[in-house]
Amino acid sequence: MSVSENEDVGALQARIEELQSQLETERTRKESSMEEAQRHHPRGLSVLAGILVVLACVLAPLSVTSVWANRIVSDTDQYVKTVAPLADNPEVQAVLTDEVTQAVLDNVDVQGVTHDALGALASQRDLRPAVAAALPGLEGALVQGIENFVHDQVASFIASDQFAQLWDEVNRVAHAQVVRLLSGNTSGVVTTQGDSVTLNLAPIIEQVKSALVAKGFTLASSIPQVNRSFVLMQSSSITKAQTAYDTLDTLGLWLPLIAIVLLVGGVLLARDRRRALLRGCLGLAGAMVVLGVGLAVMRTWYVDTTPGNVLSSSAAGDVFDTLVRFLRTALRAVGVLALVLAFTAFVSGPSPSALRTRRSFTHGIGSLRGSAEAAGWQTGRVGTWTYTHRKALRWTVAGLGGLVLVLWSQPTAWVVLVIALVVLLLLAVIEFVGRPTQAHT
């Protein structure tokens with residue numbers, strides 16, 4: 001690079017630093033004006049703003065739970081999607097295998113048929129006496145072998161793709177009964193029996209019956225219609241769950257809207273809106289932590305109160321985790337979003353660390369732009385237009401990021417982070433492309 005080019009680059013970087021200093025001076029002036037206005041802010045409004053923000057944080061866990069109850073539990077497709085993984089869960093498969101096997105064996109007299117078959121064989125005249133004498137001793141082994149055969153066939157069916165499809169169909173049909181159950185109606189395919197929520201296994205047993213007959217176990221053809229139940233959950237608080245569901249389902253999407261209105265209202269009424277937003281978002285993140293801890297406590301309580309002869313501790317834990325996994329996903333997404341907004345509010349503040357962060361960001365973008373211009377890359381009219389409309393562009397990018405997040409059906413914490421990073425990247429592009437006109441410089 002020639003001496004002239006070095007001088008041009010140096011002058012450009014000096015001008016960039018000068019512009020950055022001017023921007024910081026203007027920002028400081030505005031912040032001083034804001035502080036002056038805050039000193040004349042009515043104290044009553046500040047108190048009201050704090051109350052609104054606290055109420056929003058208190059309602060946040062209930063809001064997330066109400067959305068889960070309204071959109072996940074009450075929607076058939078979402079319910080089927082929720083319980084689908086249980087069909088592939090080894091613990092649940094083991095429980096189902098034992099239940100269906102027992103249902104089949106209870107309706108087939110394996111002991112009697114084996115005894116009669118060996119007796120008839122022993123009575124054959126051409127059978128050697130030694131063989132006839134040994135046949136009764138084989139009865140126990142044959143019965144055990146038949147029972148093991150039935151168990152293996154049931155296990156094979158329940159581990160198959162055919163069962164996974166049947167599981168979805170059974171739960172799709174049963175979903176309306178689940179909603180009726182939680183609404184207080186205790187009759188149908190899914191019912192309450194004492195303190196249990198059970199699923200009728202009749203359709204599954206019918207499929208197993210056909211599979212056994214196809215394998216040559218013709219005794220299964222005599223199995224009548226069997227109404228055996230599988231316990232989805234057992235708790236002494238089913239009635240309380242019905243009450244909680246009814247309340248949350250009634251609130252539906254209204255509760256989160258109320259919480260959002262309270263938070264926005266609290267921020268707008270606050271003396272220092274940026275600080276109110278920061279504290280409110282940190283409160284939301286803390287509320288999500290409380291909800292997560294509450295779910296962990298509920299899981300422990302549910303596993304401890306589920307009898308071992310109904311579901312093993314491992315199976316009960318898996319059932320609970322499966323049923324609430326979308327709720328956990330939602331609370332994590334809300335928590336991360338709150339932290340992103342809190343970080344944004346902090347960085348835009350007047351603290352020394354926030355000023356250093358902003359200065360480093362603008363200096364880095366300015367250096368990149370200076371290097372690009374020194375290399376002959378010019379943004380021309382696009383850069384001038386971008387610089388003139390930079391505020392509108394920033395708000396547009398932030399608004400589009402929020403819109404994408406709102407329209408995303410089930411955003412996860414990673415989705416929130418990716419959207420935040422894309423918004424940050426677009427803001428950096430605006431700063432990079434924007435170039436003041438000669439009049440500005």
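**Reading a predicted chain through its contacts**

Author: Among contacts in the protein chain between residues at least 6 apart in sequence, 80% join residues at least 24 apart; a contact here means heavy atoms within 4.5 Å. This is a predicted model, in which local features need pLDDT of at least 70 and side-chain atom pairs count only at pLDDT 80 or more, while totals for chains, interfaces and linings use all residues. Residues are numbered from 1 along each chain as its sequence is written, and side-chain values use heavy atoms, with hydrogens and water left out.

Reader: Why is Ser-63 called buried?
Author: Ser-63 has a relative accessibility of 5%, and buried means under 20% relative accessible area (exposed is over 50%, partly exposed in between; 1.4 Å probe, protein chains only). So Ser-63 counts as buried. You will find Ser-63 in helix H2, residues 43–73.

Reader: What does Ser-63 touch, leaving out residues up to four places away in sequence?
Author: Ser-63 touches Leu-255, Pro-256 and Ala-259.

Reader: What makes the pairing of Ser-63 with the backbone oxygen of Leu-59 a polar contact?
Author: A polar atom of the Ser-63 side chain lies 2.7 Å from that oxygen. A polar contact is a pair of N or O atoms within 3.5 Å (within protein, one must be able to donate a hydrogen and the other to accept it, and residues adjacent in sequence count only if both atoms are side-chain atoms), so the pair at 2.7 Å qualifies. The backbone oxygen of Leu-255 is 3.5 Å from a polar atom of the Ser-63 side chain.

Reader: What about Thr-65: why is that residue called buried?
Author: Thr-65 has 14% relative accessibility and therefore counts as buried. Thr-65 is also placed in helix H2, and its side chain reaches the backbone oxygen of Pro-61 at 2.8 Å.

Reader: How do you know that Thr-97 is buried, and what is around it?
Author: The relative accessibility of Thr-97 is 5%, so it counts as buried. Thr-97 lies in helix H4, and its side chain reaches the backbone oxygen of Gln-93 at 2.7 Å. Beyond neighbours within four places in sequence, Thr-97 is in contact with His-151, Val-154, Ala-155 and Ile-158.

Reader: Where is Gln-153 placed, and how many residues apart are Gln-153 and Thr-97 in sequence?
Author: Gln-153 is in helix H7, residues 139–158. Gln-153 and Thr-97 are 56 residues apart in sequence and 9.3 Å apart in space, C-alpha to C-alpha. With neighbours within four places in sequence set aside, Gln-153 is in contact with Leu-212 and Lys-215.

Terms used: Helix = DSSP H or I, 4+ residues; strand = E, 2+ residues; numbered from the N terminus.
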